[in-house]
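Morning, everyone. Please bring up the sequence and the model, and keep both in view while I talk.

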Amino acid sequence: MTEYIVLSAILFTIGCVGVLVRRNAIVVFMCVELMLNACNLAFVAFARQHGNLDGQITAFFVMVVAAAEVVIGLAIIMTIFRTRRSASVDDASLLKY
Amino acid sequence: MTFWLLAPLMVAAALGILFVRKAVHAALLLAVVMISLAFLYAVMDAPFLFAVQIIVYTGAILMLFLFVMMLIGVDAADSVVETIRGQRATAVVLGLLFGSVLVIGISQVTFGTVVGLDEANAGGNVPAIANILFSRYVFAFEATSALLITAALGAMVLAHRERLTPRATQADLAARRIRDYAEHGFHPGPLPSPGVYARHNAVDTPALLPDGTAAESSVSRVLAARGTVRSAPALADDIDDVRRQLAGEGHSDPSTMPETSGKAGTPANTEEDVK
């Protein structure tokens, strides 16, 4: 049981560092997905721990929300790419000024 | 057992996402992580989530990632310039701290005995999930449908582009090409096709110009950005090898030697002579 949660924590941390370190918007997005997946792993592990299926249902909802989020996020990345010809998160900093 | 096989693989693939330079490789590594996760779900008595993980995550979401990657160009590389100074190092240090705090904290917690899902899954995992999903979580489920509709609409709105200028006709394009030729001297005809006069006709081999140099414009820009363009002179090496062998066999009778003209053939023959 503990090992599943530890694996989930490690994957979550890697996702976090990826979001902070990578500059390509798509890769940043992939790291967000990695974090969501790590959370799902913890949910499923806890469902088994407690012997009820609520954790699995939550993981299922997380997947649905992640699918919706990917659709919108990738559409935004494409729109930004069309106007700026770049998928780097540094180039989309116009709101700063 | 499955866990100890898959966990190092997953961590290695996830770490790979941080380090690979190309976004496509990151997507493939993410696929490794997601498929391994699916198998972990199967081990943890969640066959429904196993199927959903493979269908939705690896099947749909990752394919969407790859689609967008192909649309915005695979050559969109990571910039190495740091906008905030020292951000990368700080992020790594903070990540290590965060990770170790999480891992140490979790390893000190005792979770008690694992109840297991045998009882909950007694009538099958999918019917059991359906029972809960359509009773206790029915409103969340309905809200999900609204979310999906909104997401589909949003994607359509974001991806839609109004045409602001009239579409360029063939006559316009031809006129522009000739104008470019007149003003900037751009060649108005088609670009040279790859592999012409080179010793290979693959698309990643640049055409050779009459002076023997490679024509950059004959290879797709995408291939050049990926760095997979072969160098035409290097490709000639194997042909030189063949010539050398032929020259070695027909050494006694020079008249059967193939016509080796130019620089490529001469050193090969001299090398044989030395031997």
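**Two chains, one contact**

Start with chain B. Of its 275 residues, 19% are buried. Keep in mind that this is a predicted model. Chain B has 10 helices and two strands. From the N terminus, its order is α-α-α-α-α-α-α-β-β-α-α-α. Take the contacts in chain B with a separation of 6 or more: 45% of them are between residues 24 or more positions apart.

Now chain A. How many helices and strands does chain A have? Three helices, zero strands. Along the sequence that reads α-α-α. The C-alpha trace of chain A spans about 50 × 25 × 20 Å along its principal axes. Of the 97 residues in chain A, 59% count as buried. And among its contacts between residues at least 6 apart in sequence, 47% join residues at least 24 apart.

Next, where the chains meet. Chain A puts 61 residues into the contact, and chain B puts in 67 residues. On the chain A side, the elements giving two or more residues are α1 (2-21), α2 (25-50) and α3 (54-84). The largest share of that side is from α3(A), with 21 residues. By class, the chain A side has 42 nonpolar, 13 polar and six charged residues.

Let's move to the core. In soluble globular proteins, nonpolar side chains tend to be buried together. Here the largest nonpolar core has 76 residues. Which residues have the most contacts inside it? They are I26(A), M30(A), L34(A), V44(A) and L30(B). From chain A, α1, α2 and α3 each supply at least two residues. The largest share, 16 residues, comes from α2(A).

In chain A, L34(A) is in contact with L11(A), I14(A), G15(A) and G18(A). In chain B, L34(A) is in contact with A14(B), I17(B), L30(B) and V33(B).

Helix α1 of chain B covers residues 2-19. At 1.5 Å a residue, its 18 residues should span 26 Å, and its end C-alpha atoms are 26 Å apart, which agrees.

Turn to the face away from the buried side.

First, S36(B), in helix α2 (residues 23-43). Is S36(B) buried or exposed? S36(B) counts as buried, because it has 22 C-beta neighbours inside 10 Å. Beyond its neighbours within four places in sequence, S36(B) is in contact with L6(B), L9(B) and M10(B). S36(B) and M10(B) are 26 residues apart along the chain, yet their C-alpha atoms are separated by 6.7 Å.

Next, D45(B), in the loop between α2 and α3 of chain B. Its phi is near 60°, a positive value in a residue other than glycine. D45(B) is buried, with 20 other C-beta atoms within 10 Å. The cut-off for buried is 20 or more.

Last, V103(B), in helix α4 (residues 87-107) of chain B. V103(B) has 17 other C-beta atoms within 10 Å, so it is partly exposed. Which residues does V103(B) contact, leaving aside its neighbours within four places in sequence? They are V6(A), A9(A) and I10(A). Compare T2(B): T2(B) and V103(B) are 101 residues apart in sequence, and their C-alpha atoms are 21 Å apart.

That's the tour. Over to you.

Definitions and conventions:
Residues numbered from 1 in each chain as written. Chains lettered and ligands numbered in written order. Predicted model: local features only at pLDDT ≥ 70, side-chain atom pairs only at ≥ 80, totals over all residues. Contact = placed C-beta atoms within 7 Å. Helix = DSSP H or I, 4+ residues; strand = E, 2+ residues; numbered from the N terminus. Nonpolar A, V, L, I, M, F, W, Y, C, P; charged D, E, K, R; others polar. Buried ≥ 20, exposed ≤ 12 C-beta atoms within 10 Å, placed from the backbone. Expected span 1.5 Å × (residues − 1). Core = buried A, V, L, I, M, F, W, Y, C linked by C-beta atoms within 7 Å.
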